[in-house]
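Hi,

Here is the structure I promised to pass on. Have a look at it first, then read my notes below.

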Amino acid sequence: MEKLNSSLITVTLSDDTYGALLLKVSEFYNTLKEDYSIECSHIMSDRFSKRAYYFAVLKKGPNVS
């Protein structure tokens, strides 16, 4: 997790399988201590390295969906 400024952070997670990656993403959001809204997020699969990646930009504040 990397802070872009005081209210934005980037998240990058990866795993060997899509299912395992989804579990990591779920665990990450369950352990957040503060409220963040998702500005944008993407899941990408790399067939050469055989890994799945999750990228997101989060904004500090209540999640209003």
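This is a predicted model: local features need pLDDT of at least 70, side-chain atom pairs count only at pLDDT 80 or more; totals for chains, interfaces and linings use all residues.

Which residues do ring pairs link into a cluster? They are F28, Y29 and Y54. Rings of Phe, Tyr and Trp (its six-membered ring) pair if their centres lie within 6.5 Å; planes under 30 degrees apart are stacked, over 60 edge-to-face, and the rest tilted.

Residues are numbered from 1 along each chain as its sequence is written, and side-chain values use heavy atoms, with hydrogens and water left out.

Back to the rings: searching the whole structure turns up three aromatic pairs. One of them is F28 with Y29, edge-to-face, at 5.2 Å centre to centre and 75 degrees between the planes. F28 counts as buried because its relative accessibility is 15%, while Y29 is partly exposed at 26%. (Buried means under 20% relative accessible area, exposed over 50%, partly exposed in between, with a 1.4 Å probe and protein chains only.)

Y53 and F55 are also a pair: their centres are 6.1 Å apart and their planes at 15 degrees, so this one is stacked. Y53 is buried at 19%, and F55 is partly exposed at 30%.

One last thing, K50: its phi is near 55 degrees, a positive value in a residue other than glycine. With 64% relative accessibility, K50 counts as exposed.

Cheers
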